[in-house]
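Subject: Handing over a structure

Hi,

Here is the structure I said I would pass on. Have a look at it first, then read my notes below.

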Amino acid sequence: MTFKNVNYSVAAMANVASTRSMPSHPSAGAALELLKPITWFPPMWAFACGVVSSGAPVLSNWHLLLAGIALSGPLVCGTSQAGNDWDDRHVDAINEPNRPIPSGRVPGRWGLYIAIVWSVLSLIVAGLIGPVVFWAAVFGLAAAWAYSAPPFRLKANGWWGNGAVGLCYEGLPWFTGAAALLGGVPPWPILALALLYSAGAHGIMTLNDFKAIEGDLRMGVRSLPVQLGVQGAARVASAVMALPQAVVVALLFSWGKPLHAAAVLVLLAVQLLMMVRFLGDPKGRALWFSGLGVTLYVAGMMVSAFAVRGLMGL
């Protein structure tokens with residue numbers, strides 16, 4: 001046997017071994033990893049803010065609370081994660097080959113099947129909660145698919161993609177939590193807070209883009225750091241986070257909630273100090289600011305939710 005034939009034989013044996021080791025379906029652990037439980041917290045927290053802001057009794061509506069938390073986190077958010085990984089499977093095969101789909105732990109078209117099944121389950125649960133929640137779920141799922149799937153692929157542009165994620169991670173779950181307990185469209189103070197914190201979340205999403213600038217440049221993804229440069233994107237992210245919170249403070253004062261307004265103002269002031277440090281080295285400190293600054297941001301969300309609780313007459 002020649003050296004060339006030996007190489008062919010070794011390659012064939014490797015292919016056979018690889019085929020035999022490839023599972024025909026994903027394990028429960030691989031499917032759960034695809035749904036990324038670590039990403040469920042933001043929409044679940046926003047849903048809880050909506051529940052609190054509604055002013056409705058929680059204990060007597062515990063079934064709506066549990067269903068809504070499952071809807072906002074494991075179901076809708078899980079769907080978005082599975083769909084995103086499916087649409088990014090070719091890029092992930094290069095940049096992050098250990099992810100469930102490119103690694104083969106979620107083989108074949110199982111990633112797509114999981115995203116579709118989870119979409120259907122989301123709509124079923126949303127429909128059981130109520131019609132307003134159902135249509136909110138329809139909107140959220142449409143945005144989730146549009147974020148990563150062609151022809152829209154909103155994630156290819158930082159302005160559109162981050163806006164969609166901010167809305168679906170903060171505003172829509174907040175709206176859903178209030179709507180679930182009120183049985184209809186929430187009053188305008190709740191809508192105002194949900195929209196303002198959604199707008200601010202656009203800046204939070206931009207913080208995540210600093211870690212992938214090189215990859216985005218290679219793949220043609222027009223994130224804000226790619227479009228505006230590192231310093232420009234950092235300034236925009238900071239301003240977009242801060243300005244909506246300043247408006248929230250003003251609204252809370254106007255609604256006769258000075259203590260809550262002062263609390264949010266203090267949280268904002270600390271964030272502003274952190275932003276100064278972040279702007280000194282955006283790439284190096286984006287993860288630090290994302291961890292600490294965002295914690296203060298979401299704390300302000302809950303403070304605001306308690307402030308509007310009982311303001312149904314506005």
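Let's start with a pair of helices: H2 (residues 28-35) and H6 (residues 110-129) pack at an angle of about 70°, and their axes are 11 Å apart. That angle makes H2 roughly perpendicular to H6, a label for angles of 65 to 115 degrees (under 35 is roughly parallel, over 145 roughly antiparallel, the rest oblique). Axes here are lines fitted to C-alpha atoms, for helices over the stretch in contact, with angles running from 0 to 180 degrees between N-to-C directions. Helices are DSSP runs (H or I, at least four residues; strands are E, at least two), numbered from the N terminus.

Which residues make the contact? On H2 they are Ala31, Leu34 and Leu35, and on H6 they are Gly111, Ile114 and Trp118; contact means heavy atoms within 4.5 Å. Five of the residues in this contact are nonpolar, one is polar and none is charged (Ala, Val, Leu, Ile, Met, Phe, Trp, Tyr, Cys and Pro count as nonpolar, Asp, Glu, Lys and Arg as charged, the others, Gly among them, as polar).

A word on the source: this is a predicted model, where local features need pLDDT of at least 70 and side-chain atom pairs count only at pLDDT 80 or more, while totals for chains, interfaces and linings use all residues. Residues are numbered from 1 along each chain as its sequence is written, and side-chain values use heavy atoms, leaving out hydrogens and water.

Now the aromatics: the whole structure holds nine aromatic pairs (rings of Phe, Tyr and Trp, its six-membered ring, with centres within 6.5 Å; planes under 30 degrees apart are stacked, over 60 edge-to-face, the rest tilted). One of them joins tryptophan 188 and tryptophan 255, with centres 5.5 Å apart and planes at 75°, so it is edge-to-face. Tryptophan 188 sits in helix H9 and tryptophan 255 in the loop between H11 and H12, 67 residues apart. Tryptophan 188 is partly exposed at 45% relative accessible area, whereas tryptophan 255 is buried at 11% (buried is under 20%, exposed over 50%, partly exposed in between, with a 1.4 Å probe and protein chains only).

There is also a cluster of Phe210, Phe278, Trp288 and Phe289, linked by ring pairs.

As for the whole chain, it has 13 helices and zero strands. Of its 314 residues, 48% count as buried.

Cheers
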